[in-house]
Amino acid sequence: MERVEAELFTNGGNNAVLRLPGRTFPGVLVQGDSLHILRTAVAELSDLCEAGAVEEVRETAGLLLSDMDLLIERYTEALRLHGIRLPF
């Protein structure tokens, strides 16, 4: 394990926006449990697609998209507040 100092752009809770040394742009720290939930949602989408369950796919994809939009909003707001251009 290596200890490094990082720049924290939001509070340290879930989905903290921070920049590691040597990186131009900050990233989003996703906690392990949140990462697992995200992976589970993608796996569910895959299973639903294979089953041809279009309505369930639409609903699950909508929820996943909403969660991702919240992450992007938090990220873009943190960068805006600190005068950093977006990498996308």
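Start at threonine 60, which sits in helix H2. Bear in mind that what you are looking at is a predicted model. Is threonine 60 buried or exposed? Its relative accessible area is 11%, and since buried means under 20%, threonine 60 counts as buried. Setting aside residues up to four places away in sequence, threonine 60 touches Ala41, Glu44, Leu45 and Leu48.

Now step back to the whole chain. It has 2 helices and 3 strands, and from the N terminus on the elements run β-β-β-α-α. The radius of gyration is 16 Å, well over the 12 Å that the globule rule gives for 88 residues, so the chain is more spread out than a compact globule. Along its principal axes, the C-alpha trace spans about 45 × 30 × 20 Å. Buried residues make up 19% of the 88 residues. The accessible surface comes to about 6700 Å², with 56% of it belonging to carbon and sulfur atoms.

Next, turn to the strands. The 3 strands form an open sheet in the order S1-S2-S3, with antiparallel pairing. S1 and strand S3 (27-29) stand at the edges with a single partner strand each, so one side of each has no neighbour in the sheet. Between S1 and S2, the antiparallel pairing runs over 2 bridges. The loop that joins strand S1 (7-8) to strand S2 (16-19) holds asparagine 15. Asparagine 15 is not a glycine, yet it has a positive phi of about 60°.

What stands opposite glutamate 7? The answer is arginine 19 in S2. The side chains of these two residues, glutamate 7 and arginine 19, also meet in a salt bridge, at 2.7 Å from N to O. That pair links distant parts of the chain, with glutamate 7 in strand S1 and arginine 19 in strand S2, 12 residues apart. Glutamate 7 is partly exposed at 41% relative accessible area, whereas arginine 19 counts as buried at 16%.

Arginine 80 is exposed at 54%, while glutamate 77 is partly exposed at 34%.

Follow the chain past helix H2 (54-81) and you reach leucine 86 in the segment after it. Leucine 86 is partly exposed, with a relative accessible area of 31%. Beyond its neighbours within four places in sequence, leucine 86 is in contact with Phe25, Tyr75, Thr76 and Leu79. Leucine 86 and proline 26 are 60 residues apart in sequence, but 9.5 Å apart in space, C-alpha to C-alpha.

Finally, look at the surface. Val28, Val30 and Leu35 form a nonpolar patch there, with about 210 Å² of accessible area together.

Technical notes: Residues are numbered from 1 along each chain as its sequence is written. This is a predicted model: local features need pLDDT of at least 70, side-chain atom pairs count only at pLDDT 80 or more; totals for chains, interfaces and linings use all residues. Side-chain values use heavy atoms; hydrogens and water are left out. Patches are made of residues with over 30% relative accessible area and no salt bridge: like charges are joined within 9 Å, nonpolar side chains (Val, Leu, Ile, Met, Phe, Trp, Tyr) within 5 Å. Accessible areas come from the Shrake-Rupley method with a 1.4 Å probe; for residues, only the protein chains shown count as cover. A salt bridge is a side-chain nitrogen of Lys or Arg within 4 Å of a carboxyl oxygen of Asp or Glu. Helices (H or I, at least four residues) and strands (E, at least two) are DSSP runs, numbered from the N terminus. The radius of gyration is taken over C-alpha atoms; the globule rule is 2.2 Å times the number of residues to the power 0.38. Buried means under 20% relative accessible area, exposed over 50%, partly exposed in between (1.4 Å probe, protein chains only). Contact means heavy atoms within 4.5 Å. Two strands pair if DSSP finds at least two bridges between them.
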